[in-house]
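The structure comes first, followed by notes on its parts.

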Amino acid sequence: MISFSSVQSTSAAGAAATAARTALLPNHNSHQLLFSFPSKTSHFHCYPHRRQQGLRIRAIDAAQPYDYEAYLVNRFAQSTKLKIAVIGFGNFGQFLAKAFIRQGHTVFAHSRSNYASIAQSLGAAFFFDTHDLCEQHPDVILLCTSVISTESVLRSLPIQRLKRNTLFVDVLSVKEFPKNIFLQFLPTHFDILCTHPMFGPESGKNGWQNLPFVFDKVRIGNEDSRLSRVENFLDIFKKEGCRMVEMTCTEHDKYAAGSQFITHTMGRILEKLQLDSTPINTKGYETLLDLVENTASDSFDLYYGLFMYNKNAMEQIERLDLAFESLKQELFGHLHEVLRKQLFGKSEVGMRRPVLAKLPKNGTPLLPAQSESLGNNDN
Ligand code: NAP
């Protein structure tokens, strides 16, 4: 900031004229800069009676011998930056790594396949050997492997080379399974955070604003540094605008089977029908085509993981099957009535037409099939 103030000087004084010609007089001790307009003597001659108005400029925030403010700002920013090791640098691992790097975190990557050049292009360091990676002492180990390979990948990590109390995070689409294997394999001095970003490279390609991010702080040590590290990690997703949802892994799996697994299953069924776009697509049909595109881009391993490692998924498959059967019964029941009318001239009074039975909610027994009384009105 620069402050201006008037300096009084006498027009007569030759010293004043000399001073006035001095463009810049740094005074480091007081951090003031004296700045005066170069004067022509004629000015003074024109107004001999007036006292000359000099201009002093004070640079209040002139450079200090050591810039503590910038140093502290920088130190604070650095303290929130994490070294994140992404294990499983496939489709989703790379997608997440881009956001981490964009936010200034350091990313180390490891995968079964060689992604060295992709990692380099993103600004991450690729490690072929997990020993080398662990010796970098990352703050966070982020498991981004397929659900079905998670256990073998975790077992293969030389965790003895990590810092004690390293934070382990997973992003698997099922939650109870990784929670249990983390608790089973990781010594108690490691922290555990189970998460599920409820979006992927396709659904999150235009940003993560308002997209749900589920997390469960399964085991976090009490020390301040450990508490702040987990918050720093969660902040990455907060900063991207995610809707942060804290819930247990058990709750997640229950909800996800009824929503995500059904979505993926419907997408894959429709994919098998090889739907084509038509010149007369309705909005609803466009939604179905989008669903196929969204789910087909995920690997089959991912879908299989949703089924195999979520104990609620089997029940959902059965419910889907039941729902389809029930719908067919209702349709065929109507068709049967039309045929009877054609054969016998009128529908039979007192006959009951089956209607779609209400499906049982998770775990409750099947409700009895309902039926509708057939009157003799002919509409
Ligand atoms: P994915 O097929 O579920 O997993 C691919 C990753 O697993 C790759 O990094 C792959 O390594 C690794 N992998 C597979 N088999 C392996 C094995 N036998 N040994 C070692 N590594 C193996 O596809 P993804 O979409 O990348 O998903 C990764 C994780 O993120 C999954 O757990 C998924 O549930 C979760 N997730 C995905 C999404 C999404 O939209 N895609 C969203 C949320 C969560 P290589 O590539 O080196 O072979």
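In β8, V140 has I84 standing opposite. Strands here are DSSP runs of E with at least two residues, helices are runs of H or I with at least four, and both are numbered from the N terminus. The model is a predicted one, in which local features need pLDDT of at least 70 and side-chain atom pairs count only at pLDDT 80 or more, while totals for chains, interfaces and linings use all residues. Residue numbers start from 1 along each chain as its sequence is written.

Strands β5 (residues 83-87) and β8 (residues 140-143) run parallel and are joined by 4 bridges; two strands pair if DSSP finds at least two bridges between them. V86 has L142 as its bridge partner in β8. β8 also pairs with strand β9 (residues 167-170), again in the parallel sense and over 4 bridges, and L142 stands opposite V169 in β9.

## The sheet

An open sheet of 8 strands has the order β7-β6-β5-β8-β9-β10-β11-β12, with mixed pairing. β7 (125-126) and β12 (243-246) are the edge strands, each pairing on one side only. The chain as a whole has 13 helices and 14 strands.

In a regular strand the side chains alternate between the two faces of the sheet. Both faces of β8 are covered, with V140 and L142 buried on one side and I141 and L143 buried on the other. A residue is buried if 20 or more other C-beta atoms, placed from the backbone, lie within 10 Å of its own.

## Nonpolar cores

The largest nonpolar core has 45 residues, and those touching the most other members are I84, A85, V86, V107, A109, V140 and L142. Such a core is a set of buried Ala, Val, Leu, Ile, Met, Phe, Trp, Tyr and Cys residues joined through C-beta atoms within 7 Å. Another core lies apart from it, with 11 residues, among them V174, A256, A257 and Y309.

Leaving out residues up to four places away in sequence, V140 touches L82, I84, A85, L167, V169 and F233. Contact requires C-beta atoms, placed from the backbone, within 7 Å.

## Around the ligand

The ligand is surrounded by 25 residues, of which G90, S111, S173, G200 and S299 are the closest; a residue is near if its C-beta atom, placed from the backbone, lies within 6 Å. Helices α4 (91-102) and α12 (300-308) each supply at least two residues of this shell.

Because domain 2 (79-254) and domain 3 (256-313) both give residues to the shell, the ligand lies between them. The domain bounds come from an automatic or database domain assignment.

Technical notes:
Buried ≥ 20, exposed ≤ 12 C-beta atoms within 10 Å, placed from the backbone. Contact = placed C-beta atoms within 7 Å.
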